[in-house]
Amino acid sequence: ILGYSEVLQERPDLADRTQEFAGIIADNARRLNRMVDDLLDLDRLEVGQEPIRRQPVDLGSVLSEVATAFHPSDATHHITLEIAPDLPYITGDRDKLIRVVSNLVDNAVKYSPDGGPITLVAQREGDAIHVEVRDQGLGIPASDLETIFDRYARVDAESTRRIRGTGLGLSIAREIIEAHTGRIWAESEPGAGSTLHIVLPIPVIAEPRSSSATGTRSPRP
């Protein structure tokens, strides 16, 4: 931002490139703004100052909304959905869960620079919903699978050094999922793609108690 601003100030002979330089400045300003917002959000999440709203959430609709939002932006990546029918609702913050899935899809898109399919999966497993975001991109070395959820973590490989990002998206995702008493982890093989997993608990609905006076059950809520 400073460099291109100084060129505009000091080199009037480059006036014909003003629009180009202004575009570069604007792009970098937006990137800086995203980084600051992500950093502030992560700080609030870590100290519990970012409230989690508790309401019924349909994870299938969360995945569908994210897939629709990404679909028109990148024709080289084909996003498909595999959502089990009749998924039970979970209890959580829908907006924050959309942010989590968006971060994971954005990560899958960035680390699949040659394009390819990205699959969003949601299915019930026992007393939880298991969500997967699969890609067929560059993959992650085994030594990085744990650290990718740390602040500013980047996969250190020649093939990934040109990929931009704040390094905060997966950290934010982990904080949000753990605030929902869920789990998040990654599985990958270099050159064969990655799968990011989320498991979120299904709320337990207590059975209605029998009435001692009438011997009948009270109606279900």
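Analyst: The count gives one cavity of 30 Å³ or more. This is a predicted model, in which local features need pLDDT of at least 70 and side-chain atom pairs count only at pLDDT 80 or more, while totals for chains, interfaces and linings use all residues. Residues are numbered from 1 along each chain as its sequence is written, and side-chain values use heavy atoms, with hydrogens and water left out.

Start with the method. Rolling a probe the size of a water molecule over the atoms shows where empty space is left. Here a cavity is a set of points, on a 1 Å grid over the protein atoms alone, where a 1.4 Å probe fits but cannot get out. Lining residues have an atom within 4 Å of a point. Grid points are joined across faces, edges and corners, and the volume is the space filled by probe spheres set on the points.

Now the space itself. The largest cavity holds about 50 Å³. Its lining consists of Leu59, Leu63, Leu97, Val100, Val101, Val131, Ile177, Ile198 and Leu200.

Helices (H or I, at least four residues) and strands (E, at least two) are DSSP runs, numbered from the N terminus. The largest share, three residues, belongs to α4. That makes α4 the next stop.

Check the length of α4. The expected span of a helix is 1.5 Å times one less than its number of residues. With 17 residues, α4 should span 24 Å, and its end C-alpha atoms are 24 Å apart, so the two agree.

Then look at burial. Buried means under 20% relative accessible area, exposed over 50%, and partly exposed in between (1.4 Å probe, protein chains only). The buried residues of α4 are Lys96, Leu97, Ile98, Val100, Val101, Leu104, Val105, Asn107, Ala108 and Val109. Among the cavity-lining residues are Leu97, Val100 and Val101.

The N-terminal end of α4 has a cap. A side-chain oxygen of Asp93 lies 3.2 Å from the backbone nitrogen of Asp95. Asp95 itself sits in helix α4. At 48% relative accessibility, Asp95 counts as partly exposed. Its side chain makes a polar contact with the side chain of Arg53 at 2.6 Å. A polar contact is a pair of N or O atoms within 3.5 Å; within protein, one must be able to donate a hydrogen and the other to accept it, and residues adjacent in sequence count only if both atoms are side-chain atoms. Asp95 and Val62 are 33 residues apart in sequence, yet their C-alpha atoms are 8.8 Å apart in space.

Charges come next. Side chains of opposite charge can pair when their charged atoms come close. A salt bridge is a side-chain nitrogen of Lys or Arg within 4 Å of a carboxyl oxygen of Asp or Glu. The structure holds 10 of them. Arg53, Asp93, Asp95 and Lys96 are linked in a salt-bridge network.

Glu65 and Arg94 meet through their side chains, 3.0 Å from N to O. This pair links distant parts of the chain: Glu65 is in helix α3 and Arg94 in helix α4, 29 residues apart. Both partners are partly exposed, Glu65 at 39% relative accessible area and Arg94 at 24%.

Two further bridges lie elsewhere in the list. Glu132 pairs with Arg134, with the closest N and O atoms 2.8 Å apart. Glu132 is buried, at 8% relative accessibility, whereas Arg134 is partly exposed at 31%. Arg174 and Asp150 also form a salt bridge, 3.7 Å from N to O. Arg174 lies in helix α5 (residues 169-179) and Asp150 in the loop between β5 (128-135) and α5, so the pair ties together parts that are 24 residues apart in sequence. Arg174 is partly exposed at 23%, and Asp150 is partly exposed at 33%.

Methods
1 Å grid on protein atoms, 1.4 Å probe; cavity = no way out; pocket = protein on both sides within 12 Å on 5 of 7 lines; lining within 4 Å.
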